[in-house]
Amino acid sequence: MAKVFLTGATGFVGGDFLHRFASSAASKYAISALVRNADKAQQISSQYPSVKVVQGDLDDSQLVEKEARNADIVLHLASTKHIASSKAIQRGLTDPARSKPGYWIQISGATLLAIDEIKNARFGFESDKVYDDIRDIKEILSTIKNNPSRDVDNLVAGQDSSKVKTALIVGPHIYGKGRGPGNQRSVQAPEIARVTLQLKEGFRLNEGKNSWSYIHVHDLSDLFASLVDAAAETKPGLWNDEGIYTPENGSLTFGELSEKIAAEAKKQDLIPEGSVKKVLDAQGVDALSGHASILWGTNAVLGSSRARSLLHWKPSRPSLEETLPEIVRIEGQKQSNRL
Ligand SMILES: NC(=O)c1ccc[n+]([C@@H]2O[C@H](COP(=O)([O-])OP(=O)(O)OC[C@H]3O[C@@H](n4cnc5c(N)ncnc54)[C@H](OP(=O)(O)O)[C@@H]3O)[C@@H](O)[C@H]2O)c1
């Protein structure tokens, strides 16, 4: 039975994967999950009795290294930026005493592909750039290598494929309600909805012509599960330089997203007007939501040829647009609970 070690099990991304995986694959894998909070650990143990909870923090490098050494497959879904834990995973998975290479599936974020816009503080403007994970793989790899500040991405992309097999999943706008035991809320669309309700009107950032691709969190969890199966079967051609994945199932400009959220908020009688008249600059949105200029103002349009063609992954969940009524309803409920 292959051993899987998961981080981020109480988060939006990792929690949804835990739910998906523990519900469908518990008989095939021995799953352990790092959880730092005792109450959440207890909740996971009662909800998913087959999952072994390892109580501890990502900052405990010795613990993370030990768990990675004991695992065949590590999914590091807690953080795109926690370099100490990524190094600990790398040490555990490349331990010379291992009889076979370990597999490392790491979450990354699509802001990676917007580094020039971030450096130039260019937020809210159109771009026709598309990054496809097969056609543009060399460009994606060189973008990673040219940006040493993306240290986790560089650590993963720089591994020797004879010692550890890696997959880097560059998450776009992930949406949908998570099914996990902890955080079930995404960031980008719910935050636009929250701020729309707070301002009592729709708004956009500058021209609002920038776009991100999106993927439903349940479809993303299917992709992680396919990668775990492929790792357990030691399938070749999916790892390291051939293991960068940019999952997506459509894209939307942030201006359109703001319009649709405002229209839905009006429909639900939460704001008086359904159209967007208010235009904010980067400082204006950053004052309303953390890192909003980057998360709502950059471009990250992706093509997911790799998973579709090599893993036969086929996203099928409702589109981002179709989930907006639920997002607005949830944020409206939270707002009225706060009042
Ligand atoms: N959500 C998106 O749309 C999206 C898109 C692309 C990339 N990402 C990236 O993917 C990563 C996960 O995102 P998310 O939305 O799942 O975040 P999240 O809901 O905040 O979950 C983070 C998870 O990591 C755990 N964690 C954080 N620091 C830890 C520590 N020091 N020790 C142990 N556990 C720790 C949290 O545990 P607690 O429950 O104890 O806090 C939680 O389980 C983030 O780096 C995010 O930037 C997210």
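1. In which sense do strand 7 and strand 11 pair, and over how many bridges? Strand 7 (residues 164–171) and strand 11 run in the parallel sense and pair over two bridges; two strands pair if DSSP finds at least two bridges between them. Strands are DSSP runs of E with at least two residues, helices are runs of H or I with at least four, and both are numbered from the N terminus. Isoleucine 169 stands opposite tyrosine 245 in strand 11.

2. The model is predicted, with local features requiring pLDDT of at least 70 and side-chain atom pairs pLDDT 80 or more, while totals for chains, interfaces and linings use all residues. Residues are numbered from 1 along each chain as its sequence is written, and side-chain values use heavy atoms, without hydrogens and water.

3. The seven strands of an open sheet follow the order 3-2-1-4-5-7-11, with parallel pairing. At the edges are strand 3 (52–55) and strand 11 (244–245), each pairing on one side only.

4. The ligand is surrounded by 22 residues, of which the closest are Thr10, Val13, Arg36, Lys40 and Asn183; a residue counts as near if one of its heavy atoms lies within 4 Å. This shell divides into nine nonpolar, 10 polar and three charged residues. Strand 5 (102–109) and helix 1 (12–24) each supply at least two of the shell residues, and the largest share, three residues, comes from strand 5.

5. An N or O atom in the side chain of lysine 40 is 2.7 Å from a ligand oxygen atom. A polar backbone atom of valine 13 is 2.8 Å from an oxygen atom of the ligand, and a ligand nitrogen atom lies 2.9 Å from a backbone N or O atom of leucine 58. Taken alone, the ligand exposes 900 Å², and the protein buries 77% of that; areas come from the Shrake-Rupley method with a 1.4 Å probe.

Definitions and conventions:
A polar contact is a pair of N or O atoms within 3.5 Å; within protein, one must be able to donate a hydrogen and the other to accept it, and residues adjacent in sequence count only if both atoms are side-chain atoms. Ala, Val, Leu, Ile, Met, Phe, Trp, Tyr, Cys and Pro count as nonpolar, Asp, Glu, Lys and Arg as charged, and the others, Gly among them, as polar.
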